[in-house]
Amino acid sequence: MTAIPVCFVTGFLGSGKTTFIQRLVEKYSAKKLVYLVNEFSPKDVDGGRLSLPEDELVKIPGGSIFCKCLTGQFIKVLRQISEMAVDGVVIEASGIANPRVAGDMFKETKLDEVFAIRSIVAIVDPRSFQKLCRTLPNIKEQISAATQIIVNKTDKFSPEKVAETVESVRKFNSAATIVETEFCAADIDVFRELGAIGSGGEYAKCKDPNFCQVTINVADMMALKELKRKLELLGDDLYRVKGCIPGVENNLIAIDYDGGDWSQRIDKVSRVEEAGSLVVIASGYRESTLQGIRERFG
């Protein structure tokens, strides 16, 4: 029996994982793949934005698949996939995940008899990479475990900033292929066998003290404007905001903040009943502040 190839896609919140996954959907459209999307927040947002039929998309929100709270569900899903006729599996891990756990997990559960981890793709945002390496250990683990590294959003930074980021990445991983891109336009074969994948990571904590998250009700664009003002007071401690809110003429507006830039666009994927709330993720010690903001908006 030929092992089912697996690719893990890692990267901090807002680095571009979902954009890269969508590119893989297009690249491997002739193959039968299953895409497993894991989100730190309890509300799935990114998975719903992928152009995939239901039988090719599995969503596991509410933490990290490498946290003991979700490990059982993750393993159960993989066992179900193993019984399907598929050409490969792409796993978008939560932005706080340590992918080194995967190797040990597959061995412990004998999933390595069915699946073969072919690659770990780490996506890097030059804006936040230096600070994150100093404050969040799992970011360094994501880089050191990767077989391919995408330095994304190069159009937003000077050549010097991009070169500085690449140099920093090399210090953690001198063996991986590094690709500099805009909008994750990296044409790489994620299922090509690249050698042994490292292991030895620690399972994530069910409540990681480095992060906190809340879901905030936002009724319209005026409420969003007020929320932005309050959230921006968090400065660098605000990591991610995402979701959709009602717009004009019955349109839904997708809102996204990735640690530096706010963006909004017409959302043609989400359903009307999903509108009106945003997931906000910030530094763990800002939890009381976020709860206060949430209560202000009901």
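User: Which strands does helix H8 (residues 287–296) lie across, and how do you know its direction relative to E8?

Analyst: In this predicted model, helix H8 lies across E8 and E12. Its direction makes about 5 degrees with that of E8. Angles between N-to-C directions run from 0 to 180 degrees, so about 5 degrees falls by the 0 end of that scale.

User: What makes E8 and strand E11 (262–266) the edge strands?

Analyst: Start with the strand order: E8-E12-E9-E10-E11, an open sheet of five strands with antiparallel pairing. E8 and E11 each pair on one side only, and that makes them the edge strands. On average, neighbouring strands here are turned by 10 degrees against each other, direction ignored.

User: Which helix packs on this sheet, and what does it touch?

Analyst: That is helix H7 (residues 221–232), which touches E8, E9, strand E10 (252–257), E11 and E12. Touching requires heavy atoms within 4.5 Å. The direction of H7 makes about 160 degrees with that of E11.

User: How do you know that strand E9 (residues 238–246) and strand E12 (residues 277–283) pair?

Analyst: Count the bridges! Pairing needs at least two, and E9 and E12 have six, in the antiparallel sense, so they pair. As an example, Val241 stands opposite Val280 in E12.

User: In what sense do E2 and strand E4 (residues 88–92) pair?

Analyst: Those two pair in the parallel sense, over five bridges, with Tyr35 opposite Val90 in E4. E2 also pairs in the parallel sense with strand E3 (residues 57–61), over five bridges; there, Asn38 stands opposite Ile60.

User: Why is strand E2 (residues 33–39) called mostly covered?

Analyst: Seven of its seven residues are buried, each having under 20% relative accessible area. Leu33, Tyr35, Val37 and Glu39 point one way, while Val34, Leu36 and Asn38 point the other way.

User: Why is the aromatic pair of Phe12 and Phe211 called tilted?

Analyst: Their centres are 6.1 Å apart, inside the 6.5 Å limit, so they pair. Stacked needs under 30 degrees and edge-to-face over 60; their planes make 35 degrees, so the pair is tilted. Phe12 lies in the loop between strand E1 (4–11) and helix H1 (17–27) and Phe211 in strand E8 (residues 211–217), so the pair ties together parts 199 residues apart in sequence. Both Phe12 and Phe211 are buried.

User: What makes you say that the charged end of Lys27 sits over the ring of Tyr28?

Analyst: The charged end is 5.5 Å from the ring centre, and the distance limit is 6 Å. The direction must also be within 35 degrees of the ring normal. Arg296 likewise lies over the face of Phe297, at 5.7 Å from the ring centre.

Key
Residues numbered from 1 in each chain as written. Predicted model: local features only at pLDDT ≥ 70, side-chain atom pairs only at ≥ 80, totals over all residues. Heavy atoms only, no water. Phe/Tyr/Trp six-rings, centres within 6.5 Å; stacked < 30°, edge-to-face > 60°. Helix = DSSP H or I, 4+ residues; strand = E, 2+ residues; numbered from the N terminus. Buried < 20%, exposed > 50% of the residue type's maximum accessible area, 1.4 Å probe, protein only.
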